[in-house]
Amino acid sequence: MIRGKNILLLMDSHLEGNFSTEEATVVLDLASRCLQYEPRERPNIKDLVTTLSPLQSKPEVASHVMLGIPKNEEAPPTPLHPLSAMGDACSRMDLTAIHQILVMIHYKDDEGTNELSFQEWTQQMRDMLEARKRGDLAFRDKEFKTAIDCYSQFIDVGTMVSPTVYARRSLCYLMCDQPDAALRDAMQAQCVYPEWSTAFYMQAVALSKLDMHKDAADMLSEAATLEEKRQRGGRGS
């Protein structure tokens, strides 16, 4: 379906051609692989992160600038579903409260997102976990730029994929006034853990910072729905 099509026909028309053809080709090729009929021919999460991460590291025009949307910070409307503490903090765009919650929940939601063999417990693995530990200490102490550097070291190795690290780095980017980067990390957290409400909440905050309030409201509602589902027996936070 994708192969052989003109890239301009497949990309979002709202971008008005403001994208790299090279990067668009990479993304469309990845999308094509994700749509393969045979499951074994589709990329796994690690492949997705490996392919997309180099694109995210490149400087780019902020989404609200590219789309000609004025940037006015405004909290998204509160969804109809009752909100958890995280949901309430995100609906109010209270970054300090979000930070306190992420520190408190630590890595309890990462359980089951990684399956490591004995061979993978190498010195590189220990170094990676040490980088995450340094990032956690910096995150706790609100040294957000240092935390970004340490979490990036952890992510770049690629042996483990942690939704919590992406959520924490997303908040760090918000604290450093980089909502585009924060949104990308929140989306990565969702890729790793598709039904994790925190990933949706973090996207809602980043979208609000980009003045995309309708999308932010949709994310808040989706997150609240996931929390309600978890309370009825599903996994999430």
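Predicted model: local features only at pLDDT ≥ 70, side-chain atom pairs only at ≥ 80, totals over all residues.
## Describing the packing

Two packed helices are described by the angle between their axes and the distance between the axes. Both values are given below for each pair, followed by handedness and contact residues.

## α6 against α11

Helix α6 spans residues 95-105, and helix α11 spans residues 197-209. Their packing angle is about 160°. Their axes lie 13 Å apart. Angles over 145 degrees count as roughly antiparallel, so α6 and α11 are roughly antiparallel to each other. The crossing of α6 past α11 is left-handed.

On the α6 side, the contact residues are L95, I98 and L102. On the α11 side, they are T198, M202, V205 and K209. By class, this contact of α6 with α11 has five nonpolar residues, one polar and one charged.

## α10 against α11

Helix α10 covers residues 179-192. With α11 it makes a packing angle of about 160°, and the two axes are 8 Å apart. α10 and α11 are therefore roughly antiparallel to each other. Here too the handedness is given: α10 passes α11 in a left-handed crossing.

From α10, the contact draws on P179, A182, L183, A186, M187, A189 and Q190. These meet A199, F200, M202, Q203, A206, L207 and K209 in α11. The contact of α10 with α11 divides into eleven nonpolar, two polar and one charged residues.

## Residues of α11 in both contacts

M202 and K209 of α11 meet α6, and M202 and K209 also meet α10.

Technical notes:
Residues numbered from 1 in each chain as written. Heavy atoms only, no water. Axes fitted to C-alpha atoms, helices over the stretch in contact; angles between N-to-C directions. Helix = DSSP H or I, 4+ residues; strand = E, 2+ residues; numbered from the N terminus. Parallel < 35°, antiparallel > 145°, perpendicular 65-115°, else oblique. Left-handed = near helix turned anticlockwise from the far one by under 90°. Contact = heavy atoms within 4.5 Å. Nonpolar A, V, L, I, M, F, W, Y, C, P; charged D, E, K, R; others polar.
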